[in-house]
Amino acid sequence: MATMKRFLASLLLFGLVLLAAAGPAAAAETLDVRAEINGRDIAGADSDSPIELDPTEAVPITITLRNAGNRTEDIRFVRLEGQALGLTFLTYDLGMRTSLAPGEETTFDAELDFFDLDEQATGYLGTSLRVYDAERLLLGQEDFVLDVKGRTTSTLGLFAFAVLGIAGFSITVLVLNTLRRRLASNRFVRGLQFAVAGAAVGVTLALGLAILRIDYANAEEWLPLMFLPTVIAFGIGYVAPGPLSLSIRDVREEEALQALAEEALIRRSGEQARATSTSVFIDVHPTSEPPVDSRAEEPARH
């Protein structure tokens with residue numbers, strides 16, 4: 001039962017990741033997107049040189065759009081979206097009601113206020129600047145990496161600690177059960193138990209790299225990073241020793257039950273012996289006054 005719950009929990013996690021990764025529908029990208037945040041060009045911002053973002057300060061942004069298509073495009077809004085492990089932790093929409101004819105270019109300046117971002121995330125976020133029309137169709141985008149100066153107790157930080165705790169707990173339980181020979185008897189089930197722990201390790205690695213500002217793992221990188229420990233852990237669980245053979249276990253249980261039965265029998269025999277001796281003692285002591293014969297008391301008749 002516990003194994004099934006863990007398996008369903010892993011399926012739920014994957015489902016949440018897929019739902020979070022789903023976004024507005026995409027059309028043919030016809031806009032060239034250029035932008036600067038805090039005076040930095042986002043085109044060159046990667047995990048080696050991310051754009052630092054302090055949520056406590058106002059952030060200037062300059063967006064330049066050029067229509068590289070052959071038809072007029074109606075622009076409705078620009079979205080700044082930051083993700084970690086496929087989960088969105090930053091969303092900022094800027095309204096931009098304008099139209100661009102083929103070859104036309106426009107520049108838009110604004111000041112962003114991420115007043116609560118430090119409570120949502122910390123470390124590296126894979127970020128994209130996307131432009132949409134009124135039908136929420138993607139017209140153009142540019143991807144880059146932000147270094148958010150958030151708190152360790154942010155939502156992303158607490159999520160990482162929770163996953164780390166799950167990974168540590170799962171590994172500890174599996175190691176103890178392996179040493180005690182209490183793993184599931186079915187090899188495939190044992191593999192699934194270890195695979196869940198391996199997936200938790202992979203998620204912890206992907207989040208840890210970003211939060212510790214070592215590297216940012218995008219979707220093409222964190223999926224293999226999580227898949228590899230999962231497969232390795234499944235293989236370890238598949239070949240891990242199962243419980244003791246049924247014959248040996250049955251013999252040990254039978255011996256234990258036999259010993260308990262003998263002890264109970266001895267205890268019961270002793271109680272019966274004490275009860276018998278007590279009853280005999282009472283029977284061998286008659287009353288001090290012998291019974292009176294009523295005929296002896298009758299007067300003699302003349």
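**View 1. Lining of the largest cavity in the predicted model.** The largest cavity is lined by Ala84, Leu85, Ala206, Leu207, Ala210, Tyr216 and Ala217, a cavity being a set of points, on a 1 Å grid over the protein atoms alone, where a 1.4 Å probe fits but cannot get out, with lining residues having an atom within 4 Å of a point. Helix 3 (residues 187-211) contributes the most to this lining, with three residues; helices (H or I, at least four residues) and strands (E, at least two) are DSSP runs numbered from the N terminus. The space in the largest cavity comes to about 40 Å³, and two cavities of 30 Å³ or more are found in a search of the whole structure, where a volume is the space filled by probe spheres set on grid points joined across faces, edges and corners. This is a predicted model, in which local features need pLDDT of at least 70 and side-chain atom pairs count only at pLDDT 80 or more, while totals for chains, interfaces and linings use all residues. Residues are numbered from 1 along each chain as its sequence is written, and side-chain values use heavy atoms, with hydrogens and water left out.

**View 2. The salt bridge between Arg130 and Glu81.** The side chains of Arg130 and Glu81 meet at 3.5 Å, N to O, a salt bridge being a side-chain nitrogen of Lys or Arg within 4 Å of a carboxyl oxygen of Asp or Glu. Because Arg130 lies in strand 8 (residues 123-132) and Glu81 in strand 5 (residues 73-84), the pair ties together parts that are 49 residues apart in sequence. Arg130 is partly exposed, with a relative accessible area of 22%, whereas Glu81 is buried at 12% (buried means under 20% relative accessible area, exposed over 50%, partly exposed in between; 1.4 Å probe, protein chains only).

**View 3. Further salt bridges, among the nine that the structure holds.** Arg71 and Glu73 form a salt bridge at 3.1 Å, N to O, in which Arg71 is exposed at 54% relative accessibility and Glu73 is buried at 5%. Asp147 pairs with Lys149, their closest N and O atoms being 3.1 Å apart; Asp147 is buried at 5% relative accessibility, and Lys149 is partly exposed at 35%.

View 4. Ser154 is buried, with 0% relative accessibility. Leaving aside neighbours within four places in sequence, Ser154 is in contact (heavy atoms within 4.5 Å) with Asp118, Glu119, Gln120, Ala121 and Thr122. Asp118 and Glu119 are also linked with Arg151 in a network of salt bridges.

How values were computed: 1 Å grid on protein atoms, 1.4 Å probe; cavity = no way out; pocket = protein on both sides within 12 Å on 5 of 7 lines; lining within 4 Å.
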